Amino acid sequence: CAIFHPEELKTDKDGHYLNHFYSCGPRALQKAFNKFNIKVHEKELSKEIQSSGNLTRTLLTLVHYETAQITFPCEIKKICSDYGYQVNKVESLKDLDPQKDVALVLVTGNILKGEAHWVCFPVDKNITNYFGKNTKIDKIYLLKKNK
């Protein structure tokens, strides 16, 4: 609980959680954008995510301070849209071509242990086994440039 660990919820002068700056959501977005030759730092992506007005993350920190690191699917979609990319939901990694496709993938393991992580296909390896045998592919978002 954040009440017992206030040091874990440090913010910058604008109220952005420092722990979110280098969390998996901004990191996966940075990797995806790098594949499209868009150079943007994960810290800037995190600030954009946190400035989107989603209060859920803040409310969840009342339960556990590590929830400050969460990036929600709606936030991933919004940032992709802001950068000019359409997000298409895909059912399986087998539907993706590692030579031409870039996708953001949410993998989960034991949710009670907080095992959820954003990765970038094809940059990150071993996606299907990220949390070992308990790994589940929860969401796959194929990115396509808006025309």
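I began with Asn126, which is exposed, with a relative accessible area of 52%. My cut-offs: buried is under 20% relative accessible area, exposed over 50%, partly exposed in between (1.4 Å probe, protein chains only). Asn126 has a positive phi near 60° and isn't a glycine. I found Asn126 in the loop between strand 3 and strand 4. Helices (H or I, at least four residues) and strands (E, at least two) are DSSP runs, numbered from the N terminus.

A note on the source: this is a predicted model, where local features need pLDDT of at least 70 and side-chain atom pairs count only at pLDDT 80 or more, while totals for chains, interfaces and linings use all residues. Residues are numbered from 1 along each chain as its sequence is written, and side-chain values use heavy atoms, with hydrogens and water left out.

Next, Pro122, also in the loop between strand 3 and strand 4 (136–145). The peptide bond from Phe121 to Pro122 is cis, with omega near 5°.

Then I checked Asn37, in the loop between helix 1 (24–35) and helix 2 (42–50). Asn37 is not a glycine, yet its phi is positive, about 60°. I have Asn37 down as exposed, with a relative accessible area of 65%.
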